[in-house]
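Please open the structure in a viewer and keep the sequence beside it.

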Amino acid sequence: LLQPKETTAIWGGESWKCWDDNRVRNGALAGASVADLRTRLGPLLLGAIDPARIFPILTKTIDARDWLSVQVHPNDAYAQRVERQQNGKTECWYVLRAQPQAEIVLGWTRDTSREEYERRVADGTLGDLLRRVPVKAGDAFYLPSGMLHAIGAGIVLFETQQASDLTYRIFDWNRLDANGQPRPLHVGKAADVLDYRAGKSGAIDGVTYTFETLERTALIADAHFIVERVVAAREPATLATRDRPLVFMALDAPVTLVAEEIETVLQPYECALVPAATRLCTVCAHEGERAAFMLVAPPLDANEFAGRLLAAGIAQERVDAFLRQF
């Protein structure tokens, strides 16, 4: 189990579930951070992932009670060249709860330009170009680096992203702080990395299939991570790590996770990290007949993941359409 890192603010709160600074809550490694484990365990934790690099995936939950600021993130090349950091940030969202009429911002309403962007930031009219997309519980969205985005009020979501905290705030709804001052914006860097084309993407068309006797919905499968919603039954099912660390987060009901003969009950929204060397672990609903959880892993080879879907009986055309979304 990992101890979350939680922050609260007027707009809502965040809980960082799994990343380099999170610490182990239980067992012989209690108190160690994921970064410590990279050094101590190396391939036992990470498989083929370089232990000298930051743990590659960050997962969190976000509870937005008001509109969050409009942001954009750089790609890897810009992060390395300008920020001297390993990773840019591509991310994705899975909506856990959403109030009626809840919305997100996802891209521009039309093609624009750096010049128009900078002018509208200066005169406070950038909101006129923001493309709003309605959301509901169960929707998933893919946000590659360069896409402007914002989370609207009344939304609770699970976020998976590259391990980076590089965020360029480009618009804050013309709000002022308690001292009557606007929050700082990162106009120049944001202008460097923004995609100025009209937004067209919406909720991901996921693929539901059965694998390792578990009902799974593949939500995201790109070069950075695989994100799935998995349903555990009362009968234990066995998952293989395939030489990769696996990140689990229980959703609305407890999930029993057994790895290396150690049993852990994940309460709703608790997170566990299973090392690559574990090879096999089992999951089941702790109470009742079914319990859903999020499963996040570093990517499989694209052909291997496609092969998994095909072997599960998903048509080639459907597999291709799913993967084209990333």
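**Aromatic residues**

Begin by selecting Phe326, which counts as partly exposed because its relative accessibility is 24%. The model on display is a predicted one.

A search of the whole structure finds 10 aromatic pairs. Select Tyr78 and Tyr168: the ring centres are 6.3 Å apart and the planes stand at 80 degrees, so this pair is edge-to-face. Tyr78 belongs to helix 3 (residues 76–83) and Tyr168 to strand 13 (residues 168–171), so the pair ties together parts that are 90 residues apart in sequence. Are these two residues buried or exposed? Tyr78 counts as buried because its relative accessibility is 7%, and Tyr168, at 3%, counts as buried as well.

Phe322 has a relative accessibility of 0% and counts as buried, whereas Phe326 counts as partly exposed.

Next, select Trp67, Phe171 and Trp173, which ring pairs link into a cluster. Then move to Trp16 and display Lys5 with it: Lys5 lies over the face of Trp16, at 4.7 Å from the ring centre.

**Strand 7 and its partners**

Select strand 7 (residues 91–98). Of its 8 residues, 6 are buried, so the strand is largely enclosed by the rest of the structure. Which strands pair with strand 7? One is strand 10 (residues 140–143), which runs antiparallel to strand 7 and is joined to it by 4 bridges. Within this pairing, Glu91 stands opposite Leu143. Another is strand 12 (residues 155–162), which pairs with strand 7 in the antiparallel sense over 7 bridges. Here Cys92 has Thr160 of strand 12 as its bridge partner.

**Helix 4**

Turn to helix 4 (residues 114–123) and highlight Glu116, Tyr117, Arg120 and Val121, which are buried. They cover an arc of only 135 degrees around the axis, which puts them on the same side of helix 4. On the other side of the helix, Glu115 and Ala122 are exposed. To see what covers the buried residues, display strand 8 (103–108), strand 13 and helix 5 (187–193), which are among the covering elements. Following helix 4 is Gly124, which has a positive phi, near 80 degrees.

**Strand 22 and its neighbours in pairing**

Select strand 22 (residues 280–285) together with strand 17 (residues 237–240); the two run antiparallel and are joined by 4 bridges. Ala237 stands opposite Val283 of strand 22.

**Ala250**

The last stop is Ala250, in strand 18 (residues 246–250). Ala250 is buried because its relative accessible area is 0%. What does Ala250 touch, not counting residues up to four places away in sequence? Its contacts are Val255, Leu266, Gln267, Pro268, Tyr269, Glu270, Ala292 and Phe293.

Definitions and conventions: Residues numbered from 1 in each chain as written. Predicted model: local features only at pLDDT ≥ 70, side-chain atom pairs only at ≥ 80, totals over all residues. Heavy atoms only, no water. Phe/Tyr/Trp six-rings, centres within 6.5 Å; stacked < 30°, edge-to-face > 60°. Buried < 20%, exposed > 50% of the residue type's maximum accessible area, 1.4 Å probe, protein only. Lys NZ or Arg CZ within 6 Å of the ring centre and 35° of its normal. Pairing = 2+ DSSP bridges. Contact = heavy atoms within 4.5 Å. Arc of directions from axis to C-beta.
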